[in-house]
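Please examine the sequence and the structure shown below. The paragraphs that follow lead through selected parts of both chains.

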Amino acid sequence: MKPPKAGLFWGWLFVLWPLLVGSAEPTLRATGDLGVIVERGAGRVVIVNTSSNSVVQRVEGLGDLSHASVVFSRDQRYAYVFGRDGGLSKIDLLRGVLDKRIVQGGNSIGGAISQNGKLVAVANYEPGGLKVFSADTLELVADIPATYGDGKLSKVVGIADLPGDRFIYSLFDADQIWVADVRDPKAPKVEKFSNIGKSPYDGLVTPSGRYYLAGLFGEDGIALLDTWQPQQGVQRILANYGQGEEKLPVYKMPHLRGWAVAGGKVYLPAIGRHEVLVADTLGWKETGRIAVRGQPVFVVARPDGRQVWVNFAFPDNGFVQVIDTLTGQIVQTLEPGKAVLHLEFTPRGEAVWISARDDNKVVVYDTASFAKLAELSVESPSGIFFTARAHRIGF
Amino acid sequence: MGFPDKQRGRRSIFFGKAVGLGSAALILGGVNGGPLALAEDAASLAPERARELVRMVRQDCGSCHGLTLRGGLGPALLPENLSARPLPALKYTILFGRPGTAMPPWQPFMTEAEAEWIVVQLLRGFPEESQ
């Protein structure tokens, strides 16, 4: 009986050896189900995994992230974090470390990555303009001040990438839309559109990269540019949606980025109204409006387009509502926590992650049953960004 | 909420600023003629409400003016940006907003005394949140 037992022992030892001594090879990991959540007060991001609904790691030292946004490299390995203080940080999601960081401006609002993944552009409030960097080294390759009038600089808002390694953005103070072609970064070509409407506050491009929409704060309406036919100029759509009524005070500017284009319609936040505006994406005519709980901030379509999720400005920022795009009705009202700032769908939309700043948590919901799947402890969470954005135009 | 190191660091900055309050009160005295009255207003605010207001300014005002109040879509609200303006004008800007701009009226969410308290704090260098 003895020899077989010894054989069994050595056999098991052989099988278990790698577990007992630890493997010399690092555990392999991919990044397609990762994302980052901004801890806005702490200058830190949390790397999360959307398959296991868990926190992977935290990365510190990113400066003032009070209005931070994130884009991803096309290999989904690096996250570029745009901080309010002009910081641009490149985070390695695989190693969980800060790879590079520069402070490129005084006050910035967001950024975008070019179609070929080689350039990262930052939209700055101070000094007003666009700066373009090598995605690899973060070296400055182009500087395009947003000069208007007699040499003043405008705050830049609503930046998005366009096909052809171009960036499109709006000039808040100058009522203009600019398209910067940086295929040759040493000699960027800028096309300017003036008098697009008063005080554009944010913008989006449609999933095809064809249409750019800029929301107007200073008047009712949306500025629309068909980037396939720029010679047609900027048109006004949804003009006078407020029908001359005085708008409600706006306690938080809506965001257009993170579009809601679904089923041939676009869903947009109305400024100073408790409404989501609906327009068709062929004729860009208003087809309806949906009364909601408060003033919408983010209006975002689930990736399949069947639902549109909406969060709200202070003081209704504890609620999230879900619109069924087939019926145009609100089918669910959730209260994820205090001060909901952002929401992000998993790549195919079976779940949504919602940040509740004042409850220091991120809540994960099943988008079919609305059941709560998980809760993660995150300090003052704001933006949530998943790596699936890497492969979408306008993200 | 479980990030004690960070918060302790912040609180000490807050107290550091509070020590330097004398000079701010002098400046205010020139503007409003009553540093003592202002100090009493500040003292009369319940600590819980003061915390709420600090959070509201940092977080909700901060969505336009920046969490650090160095400005964003709205202008910077640091002492050097505000000290040249009369205190009542600042107070009424908070309460009633500025028509024609993105600044909304905050009157539904605070009293006049609370708005004045916020102005005084802004002119001194606004406290950090202490949670």
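How many bridges join S2(A) to strand S3 (residues 54-59) of chain A? Five bridges do so, and the two strands run antiparallel. Strands here are DSSP runs of E with at least two residues, helices are runs of H or I with at least four residues, and both are numbered from the N terminus. Two strands are said to pair if DSSP finds at least two bridges between them.

The model is predicted: local features need pLDDT of at least 70, side-chain atom pairs count only at pLDDT 80 or more, and totals for chains, interfaces and linings use all residues. Residues are numbered from 1 along each chain as its sequence is written, chains are lettered from A and ligands numbered from 1 in the order in which they are written, and side-chain values use heavy atoms, with hydrogens and water left out.

Strand S2 (residues 44-49) of chain A is largely enclosed by the rest of the structure, because six of its six residues are buried. Buried means under 20% relative accessible area, exposed means over 50%, and partly exposed lies in between (1.4 Å probe, protein chains only). Both faces of S2(A) are covered: A:Arg44, A:Val46 and A:Val48 are buried on one side, and A:Val45, A:Ile47 and A:Asn49 on the other.

The next topic is the nonpolar interior. A nonpolar core is a set of buried Ala, Val, Leu, Ile, Met, Phe, Trp, Tyr and Cys residues joined through side-chain atoms within 4.5 Å. The largest such core has 48 residues, of which A:Leu130, A:Phe167, A:Tyr169 and A:Leu213 touch the most other members. Strand S9 (residues 119-126) of chain A gives the most to this core, with four residues. A second, separate core of 26 residues includes B:Leu53, B:Val54, B:Leu77 and B:Leu95.

Chain B has seven helices and zero strands. Buried residues make up 44% of its 131 residues. A contact means heavy atoms within 4.5 Å. Among contacts in chain B between residues at least 6 apart in sequence, 61% join residues at least 24 apart.

Most residues other than glycine have a negative phi, and most peptide bonds are trans. The peptide bond from A:Glu126 to A:Pro127 is cis, with omega near -5°, and A:Pro127 is found in the loop between S9 and strand S10 (129-134) of chain A. A cis bond also joins A:Phe314 to A:Pro315, with omega near 5°; A:Pro315 is in the loop between strand S27 (307-312) and S28 of chain A. A:Asn195 is not a glycine, yet has a positive phi of about 50°. Its loop runs between strand S17 (189-193) and strand S18 (200-205) of chain A, and A:Asn195 counts as exposed because its relative accessibility is 71%. A:Ser199, located in the loop between S17 and S18 of chain A, has a positive phi of about 55°. A:Ser199 is buried, with a relative accessible area of 19%.

Four strands of chain A form an open sheet in the order S26-S27-S28-S29, with antiparallel pairing. Its edge strands, S26 (296-301) and S29 of chain A, each pair on one side only. S28(A) and S29(A) pair over five bridges, and A:Ile323 stands opposite A:Ile330 in S29(A).

A:Thr325 lies in the loop between strand S28 (320-324) and strand S29 (329-334) of chain A. A:Thr325 counts as buried because its relative accessibility is 15%. A polar atom of the A:Thr325 side chain lies 2.8 Å from the backbone oxygen of A:Gly305 and 2.8 Å from that of A:Arg306.

Technical notes: A polar contact is a pair of N or O atoms within 3.5 Å; within protein, one must be able to donate a hydrogen and the other to accept it, and residues adjacent in sequence count only if both atoms are side-chain atoms.
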